[in-house]
Amino acid sequence: MNVDDCVLIAGAGPVGMTTALALAKAGIPVKVFDALAEIPTDHRASTLHPSTLMLVEELGMTEILINRGIESPLFQWRDRATDRIVAEFDYRDISDVLKFPYALQVEQHKTIEVARDLALPMDTFTLTRERELVDLRQDDEGVEIKVQAPDGSMETHSGRFLVGADGGRSIVRKQLGIDFPGFTWGERFIIVSTYYDFEEAAGYRYRNYVAHPVQWCAMIKVPGDEDEGVWRALFPAFGDAPDEHVLSDEWIQARFAECYPYDPPYDLLHRNLYSVHQRVAETFSKGRVAMAGDAAHVNNPLGGMGMNSGIHDGLNLAQKLVEAWHGADHEALLARYDRQRRPTAEKYVQAQSIANKKLLEENDPEAREKRLKELEFTATDVSAKRAYLLRASLVQMVEEANAIE
Ligand SMILES: Cc1cc2nc3c(=O)[nH]c(=O)nc-3n(C[C@H](O)[C@H](O)[C@H](O)COP(=O)(O)OP(=O)(O)OC[C@H]3O[C@@H](n4cnc5c(N)ncnc54)[C@H](O)[C@@H]3O)c2cc1C
């Protein structure tokens with residue numbers, strides 16, 4: 001195959017854009033294609049962990065993001081049944097290893113915008129929107145993709161490598177015939193936002209997880225469009241009630257009344273209902289194609305690890321592609337990428353997000369109290385707390401993955 005001298009990237013989400021920025025900054029020509037006309041601004045990830053802030057600093061992103069986000073060193077676990085704060089964690093307790101000892105609360109679309117705005121002026125970067133990857137083939141020399149425009153017309157592009165950063169329903173993964181084992185949770189999740197100030201009303205931090213035997217929930221603060229401060233509540237929606245019912249004011253106000261009975265009814269700004277999966281691809285690379293982010297693994301949002309670990313994948317992969325670009329053995333490098341990122345996605349992101357959900361939803365009173373007591377102990381014992389924070393911040397995952405040969 002005659003290939004263009006570039007790396008192709010399918011998907012301009014947070015993972016595709018940060019990967020592209022890292023490659024473009026390293027002088028590698030990169031062509032990014034995205035199916036959508038615009039960056040979606042719906043409610044998705046909202047937290048950048050300290051590990052991610054350290055990693056994207058060398059791309060020039062962190063300082064800009066800090067100006068657009070809310071620094072959040074503290075996060076809480078609460079119990080609604082007994083109406084108590086079970087545990088509070090503080091990233092400043094591990095500031096010896098964190099350059100930025102806080103999570104940054106900032107909407108996902110702003111993280112994408114920051115990466116895009118840094119990449120756009122570079123000669124090595126091109127972004128083409130409204131081009132959906134529909135087909136790919138590869139040989140020893142490179143990869144050829146077909147992308148479709150909204151009018152149905154097709155274009156063919158080629159490059160030395162392809163990064164599949166095309167999200168949970170990845171066409172790249174499907175085209176490569178890579179299995180995506182795991183499961184889908186029975187309940188859907190709904191995110192609702194309000195201006196109601198939970199910090200002022202009830203001492204909430206900017207990230208809070210609230211256990212309840214029937215109706216657990218999470219509460220997170222994000223900056224909002226005008227830096228006015230918006231609070232996002234996350235609820236499970238059990239059963240198969242129609243979307244219109246679950247998205248109705250009445251249903252949502254009932255969930256608020258159960259979880260946050262401080263001052264109802266709440267003003268409701270936006271709402272977003274979606275299905276949640278726990279899946280990890282059976283391999284993260286095949287030939288000259290590698291996947292990163294949701295294309296490679298998906299998880300529930302409790303702990304805010306999906307986008308963060310996805311960006312970590314992308315930056316790890318970019319380093320490998322830079323080496324391969326300059327002549328190193330790409331097969332060995334991409335195999336190492338898979339060895340480093342896939343098992344640690346299982347061990348950290350999958351295990352922790354599932355454990356977080358199980359803790360919140362436990363409805364057996366004895367088991368529930370036991371789990372909450374364990375968490376209470378973790379927050380007060382110096383070494384248990386440190387171990388917990390190193391996992392929650394994904395610092396340990398990055399270090400462990402990088403140490404794998
Ligand atoms: C509805 C929803 C709500 C979420 N809420 C939360 C949350 O509250 N907290 C949290 O931590 N995480 C949340 N997540 C997860 C988080 O958003 C993801 O982990 C993160 O977006 C992963 O980034 P990504 O770049 O890998 O994929 P995506 O953000 O999905 O980006 C993929 C990009 O690829 C493009 N694309 C897709 N197919 C093609 C194709 N064939 N050709 C070209 N382009 C293509 C898409 O248009 C998109 O721009 C949510 C996810 C969803 C879907």
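In which sense do strand E9 and strand E10 pair, and over how many bridges? Hi everyone, let's start there, keeping in mind that this is a predicted model.

Strand E9 covers residues 132-138, strand E10 covers residues 143-148, and the two pair in the antiparallel sense over 6 bridges. To find your place, look for Glu132, which stands opposite Gln148 in E10. Between E9 and E10 there are 4 residues, and the two strands form a hairpin.

Now follow the chain onward. E10 is also joined to strand E11, residues 154-159, by 6 bridges, and this pair runs antiparallel. Here Ile145 has His157 in E11 as its bridge partner. E10 and E11 make a hairpin too, with 5 residues between the strands, and in it Gly152 takes a positive phi near 90 degrees.

Let's move to a helix, H11, which runs over residues 365-380. How far apart are its end C-alpha atoms? They are 23 Å apart, which agrees with the 22 Å that 16 residues should span at 1.5 Å a residue.

Which residues of H11 are buried? They are Arg368, Leu372, Leu375 and Ala379. Looking down the axis of H11, you see these buried residues within an arc of 55 degrees, so they line one face of the helix.

Note on methods. Residues are numbered from 1 along each chain as its sequence is written. This is a predicted model: local features need pLDDT of at least 70, side-chain atom pairs count only at pLDDT 80 or more; totals for chains, interfaces and linings use all residues. Two strands pair if DSSP finds at least two bridges between them. The expected span of a helix is 1.5 Å times one less than its number of residues. A residue is buried if 20 or more other C-beta atoms lie within 10 Å of its own, exposed if 12 or fewer, and partly exposed in between; C-beta atoms are placed from the backbone. The arc is that of the directions from the helix axis to the C-beta atoms.
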